[in-house]
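Dear colleague,

Here is the structure I promised to hand over, with the sequence alongside. Below it I have set out what was found, and I would be glad if you read the notes with the model open.

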Amino acid sequence: MPATPALQQFATEFTGHRAHLTGVAYRLTGSRADAEDAVQESWLRLAGLDDERRAAIRDLRGWLTAVVGRICLDRLRSAATRRERYVGNWLPEPVVTPYGTPVSEDPLEAAVRDDGLRMAALVVLDRLTPEQRVAFVLHDAFSVPFAEIADVLGCTAAAARQHGSRGRRALAQADPPPRAELAEQQQVLEKFVTALLAGDLAAVTELLHPDVVLIGDSDGKGRTARQRVAGPDKVARFFLGLLRKYEPGALTRGGPVLVNGDLGMWVPPSPGREGFLPLDEHVQGMSLRDGRIAVIYDVVNPDKLTRITRPS
């Protein structure tokens, strides 16, 4: 059945809201695939209404945001079961773009310029219950009233408000590092790579925050740290040890990229050769605190790297 003129008009309006909805869904799920699926599902639900019911929607953006929130809530609940089988640490699926390239029109690549979508913030959101995450994100990031959030969660407005409050409190207590200026990030990253290539343990350690932690994500499908590596000396020795395992230059053969809007490194795979291990593809993001590297995120799980934009 051909689309009615009214549906065609809604399709045009939906396209205008796509970037917003993609940002909502990604912030809620931490998964690019889930975000894109949730946005597409929201369109199918809108298109499935008859003209009269669609015409009754007074605030299309708000209606779609609530629908996306409901879809993402279901995905978060099912993801909790999948996480129990995940090998090692879990990190959000990174949104990667080459550094220094023209601004992309991709809705998610545009969305991650928002400070709330940096890896440091998403990692904290992942500690919340599905209900807390949905209530906090929809209210604090997108100003959805708690009465509407209650409809999404299937609870009272008072319970929705409590979920949001608990999520807000957890984020404040975790105190994720704020986004540093890109110029500062570039300076620190260049010094870090130079110190690594020189094998200078003291110089590498000096660039790491006293509370630095390395978080690897592989699901057992690639080589990275299974457990979190904490402390400047341990993190520095971990990276210097890698230089001896892989052929010279392999770890720096890629280049700088933006990982959720912050500077990081893309490391291409390498087959290795006699005496050296083959190298998996890596996306490494970082967060700075007080001018030093506070967190390094090392994503190696190939399932989370299928949609990244690689440097040419």
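**Asp 59 and its surroundings**

A polar atom of the Asp 59 side chain lies 3.1 Å from the backbone nitrogen of Gly 62. Please keep in mind while reading that this is a predicted model. Asp 59 sits in the loop between helix H3 (51–55) and helix H4, and with 47% relative accessibility the residue counts as partly exposed. Leu 28 is 31 residues away from Asp 59 along the chain, and the C-alpha atoms of the two are separated by 21 Å.

**Domains and cores**

The protein is divided into domain 1, covering 1–86, and domain 2, covering 182–304, and the C-alpha centres of these two domains lie 36 Å apart.

The largest nonpolar core is made up of 44 residues, and those with the most contacts inside it are Tyr 26, Leu 46, Val 134 and Ile 149. Two or more residues each are given to this core by several helices, including H1 (5–29), H2 (32–47), H4 (60–83), H7 (130–141) and H8 (146–153), and it is H4 that gives the most, with nine residues. If residues up to four places away in sequence are not counted, Ile 149 touches Ala 135, Leu 138, His 139, Val 144 and Ala 160. Apart from this core lies another, of 29 residues, and among them are Leu 189, Val 212, Val 229 and Met 265.

**Helix H7**

H7 has twelve residues and reaches 16 Å from its first C-alpha to its last, which is close to the 16 Å expected at 1.5 Å a residue. How much of H7 is buried? Nine of its twelve residues are, so the helix is largely enclosed by the rest of the structure. The buried residues are Pro 130, Glu 131, Gln 132, Arg 133, Val 134, Ala 135, Phe 136, Val 137 and Leu 138, and the buried residues of H7 pack against H1, H4, H6, H8 and helix H9 (157–174). Just after H7, Ser 143 takes a positive phi of about 60°.

**Cysteines**

The count of disulfides comes to zero.

**Two aspartates with positive phi**

Asp 219, in the loop between strand S2 (208–217) and strand S3 (229–230), has a phi near 55°, a positive value in a residue other than glycine. Asp 290, in the loop between strand S6 (282–289) and strand S7 (292–299), likewise has a positive phi near 55° and is not a glycine. Are these two aspartates buried or exposed? Asp 219 is buried, with a relative accessible area of 17%, while Asp 290 is exposed, with a relative accessible area of 69%.

With best regards

Note on methods: Residues numbered from 1 in each chain as written. Predicted model: local features only at pLDDT ≥ 70, side-chain atom pairs only at ≥ 80, totals over all residues. Heavy atoms only, no water. Domains from an automatic or database assignment. Core = buried A, V, L, I, M, F, W, Y, C linked by side-chain atoms within 4.5 Å. Buried < 20%, exposed > 50% of the residue type's maximum accessible area, 1.4 Å probe, protein only. Helix = DSSP H or I, 4+ residues; strand = E, 2+ residues; numbered from the N terminus. Contact = heavy atoms within 4.5 Å. Disulfide = S-S within 2.5 Å. Expected span 1.5 Å × (residues − 1). Polar contact = N/O pair within 3.5 Å; in protein donor to acceptor, adjacent residues only side chain to side chain.
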